[in-house]
Structures are given as C-alpha cells and as structure tokens.
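Hi everyone, thanks for coming along.

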Amino acid sequence: MTATVTAQRRLMEGSEAIAEAAIAAGCRFFAGYPMTPFTELLEHLAKKLPEAGGVCINAESELEAVGMAWGALATGARAATGSTGQGLSLMQESFSEITLAELPLVVFNMARGQQDYFQTTRGGGWGDYRTIALAPSSVVEAATHTRLAFELADKWLTPVIVYGDHLIGFTQMTVERDPASAPAAQPAKPWALDGSSGGTGRSKVIWTWRQGKHNTPGPGPDGHWRTVAETYEEAARVEARHVARVDHGDRHLVVSFGTTGPFVDYVVDELRAEGHPLATFRPLTLWPFPAAALAEVAAGCDQVLVYELNAGQMVEDVRLAVNGAVPVRSIGGVSQDESGMRQGELLGVDTMRARILAAIEGVQA
C-alpha cells in the first residue's frame, strides 16, 4: 500500500511564505541588508536557507549584497537579493550590469508603498536594459510569483523583480505547500564559471561587453547588446500577464496593481451588485506591461480609471496602452501613513468607493 502525501495548509506571514517559496524554487544564495519592511524576509532566509544547504549573508550594505549575489550567479547558482525601494536605488548600476551580462538575478522589493513603480519598470542604471517585474496582490500570489520569478530569470537570463510591500510582508494568509515537492528543475548553464573550464581556449568570460579573449573572440559590445535587446523584445511579446474581471456591457474600467488590487475588486463587486457597470484590470507583470490586453478590455468602455497609491506612475503605461481611444483618469494619489512605511487612507474601501462613484457620476452627468 502506497502512502499519499498531501499538501499542507499553513497560516503564514508573507515574508516567511516568500522565503520558503524561494528555497523551494532552488535558491541557495541570498544576500541583503536589513531595512524595514524587507528585514523580516532577510531574517526568515537567514534561518531557513542554511537548513536547506544554502547561504544567507547579512551584508554591510546594499552594494555589497548585490555584488555577492552577482558572484553567486556567475557560478550558476540560483541567487537573489532584495531591499526596499530606497535600498534598491543603490543597486541600480549593478542591475544594469547584471542584465547586460545575462545573469538570472531575482530581486525582492518589499516596498513602503506603490511609489516604486517607475523604479521597478524604468530602473536607474545605464545602457539598454529591462527587468521583468511581477506585482503580486497577496501572500498567496507572492509565493507563486516567487517561484515564477526564478523560472523567468533562468529562461530569459535577466533579473526579475518581485514587487511586494509591507502589506504582503506582514499579512498572514493560508498557503498550500507540498512537503514532497522537489526544488524546481533548473536549465543547463554552460556559461557558469564552475572551475571546470580553465586553460587555453576553454576559459569563459562573463562580462557586459562580451569581447571574449584573443583566442576565443566574442561578438563585441554592439553584437552582444543587439542580442540582449532582441531578448527583451521577445520577452515582451510572450510574458505579459494580467487578470481582468469583465462582463459584457461594462462602461467603466478600474485599473490597479499589487496589493491595491483586492481592495479595488471588493469595492467594484459592491458597486456591481448595486447595478453599476464596472470592470477591473490588474497587470501581474509591470514589465512587460500587458498593453494589448488592456487595450482590448478598454475598447468598449466610456472611461478607464487608474487607482494607484502614488502621484501618477502606472497611469502613463495605461495611457500608452489605450492610445487615446478611451479617456484615462487617475483617481488615486499619494497615500502614506505617519510612519512612511505603509499605505495611507486612500487604501480604505470607503475612500475608494467615493472616488470611483464620483468618477462614474461625472461621466453620467
């Protein structure tokens, strides 16, 4: 008689769920510097990674952390780093270098709100580079997106950012976990510097310029960077993800991202029950942004309303996607609590309801 191993359901804090998901995905090296609300993720990894045969280092700063992760990546290990948006700003040069060197870094941004959209989608490093960015809305999504992040990083040989926040990090939700599941299979990494390819004609170089060596010349910077740009173009075509909740006859579309999404869904469900023709759209990937899907959903609407908790960042991508076919209005805004660590009053459902209703009535009038 064969015993059946069933999935375990556990009430878990978001930071712990992300840490366990990273380990289940095969991450065996992590380096970071503590900064609220990222600190708890670092603490969980410091406890759990050594138990799985991995290494977690509390670095002296964000610069050292990303450099250590870069070194681990070059050996072929699945490696990651992270911080808040403020800490990630110090890592931007390394992100661009790692991207152009085609290394699969995973980055966790446990942000202090939604004002890091531009940083996440535009970056601050040099040269032509992009990073895939996932924006989970809950603890459960954060766990699944973490495993996806490592898979996408290896698939495209590029950094992938998981945009979390204080709400995800400190909220507890029931997460299913299969105790018998093995770490995700990893693709072959013939480019890894594992010490087996030394010697004339056999050594390898991981470098953003891809010049190669005199006896094994590479494509040079122009050829290499063209190849990297083509990789971004292909990723943009196939990796855009979204969730849409639409019915025939909806006249108003509300777009949100990340942890604001479930609150918007709740308010829209209430308003729909009252007879208001509302739909919602949430990008799962901030880059590549699901522009084609959004344009299709918005096509039959009177207006698109963007609810994000910042001064207006994602709204730019929404306008580009709709391309003038439908009016786009920003109805969110800057919203931080007194600590500066969490979202403020605009995350409240009463405020959301009032703003959405005002926008609907403005069009109907």
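Let's start at a glycine: Gly53 follows helix α2 and has a positive phi, near 85 degrees. Before going on, a word on what we are looking at: this is a predicted model, where local features need pLDDT of at least 70, side-chain atom pairs count only at pLDDT 80 or more, and totals for chains, interfaces and linings use all residues. Residues are numbered from 1 along each chain as its sequence is written, and side-chain values use heavy atoms, with hydrogens and water left out.

Where is the kink in α2 centred? On Leu45, and the kink is about 25 degrees, the bend at a residue being the angle between axes fitted to the seven residues ending there and the seven starting there. Several residues of α2 are buried: Thr39, Leu41, Leu42, His44, Leu45, Lys48 and Leu49. By buried I mean under 20% relative accessible area, with exposed being over 50% and partly exposed in between, using a 1.4 Å probe and protein chains only. Those buried α2 residues pack against β1 (8-13), α1 (14-24), β2, β3 and β5, where contact means heavy atoms within 4.5 Å.

That brings us to the sheet. It is an open sheet of seven strands with mixed pairing, in the order β3-β2-β4-β5-β7-β6-β14. At its edges sit β3 (55-58) and β14 (285-287), each pairing on one side only. Two strands pair if DSSP finds at least two bridges between them. On average, neighbouring strands of this sheet are turned by 20 degrees against each other, direction ignored. Helix α3, residues 62-74, packs on the sheet and touches β2 (29-32), β3 and β4, and its direction makes about 165 degrees with that of β4. Those axes are lines fitted to C-alpha atoms, for helices over the stretch in contact, and angles run from 0 to 180 degrees between N-to-C directions.

Now β4, residues 79-83. How many of its residues are buried? Five of its five. Ala79, Thr81 and Ser83 point one way from the strand, while Ala80 and Gly82 point the other way. On one hand, β2 and β4 run parallel over four bridges, with Phe30 partnered by Ala80. On the other, four bridges join β4 to β5 (residues 106-111), also in parallel; there Gly82 has Phe108 as its bridge partner, and Ser83 stands opposite Asn109.

Another strand to look at is β13, residues 278-283. Six of its six residues are buried, so the strand is largely enclosed by the rest of the structure. Leu278, Thr280 and Arg282 point one way, and Ala279, Phe281 and Pro283 the other. β11 (residues 242-245) pairs with β13 in the antiparallel sense over four bridges, whereas β12 joins β13 in parallel, through four bridges. Thr280 features in both pairings: Arg245 stands opposite Thr280, and Val254 has Thr280 as its bridge partner.

Let's finish with the aromatics. There are six aromatic pairs in the structure; rings of Phe, Tyr and Trp (its six-membered ring) pair if their centres lie within 6.5 Å, and planes under 30 degrees apart count as stacked, over 60 as edge-to-face and the rest as tilted. One of the pairs is Tyr117 with Phe257, tilted, at 5.4 Å centre to centre and 55 degrees between the planes. Tyr117 lies in helix α6 (residues 117-122) and Phe257 in the loop between β12 (252-255) and α10 (260-273), so this pair ties together parts that are 140 residues apart in sequence. Both residues are buried, and together with Phe118 and Tyr163 they form one aromatic cluster.

How values were computed. Helices (H or I, at least four residues) and strands (E, at least two) are DSSP runs, numbered from the N terminus.
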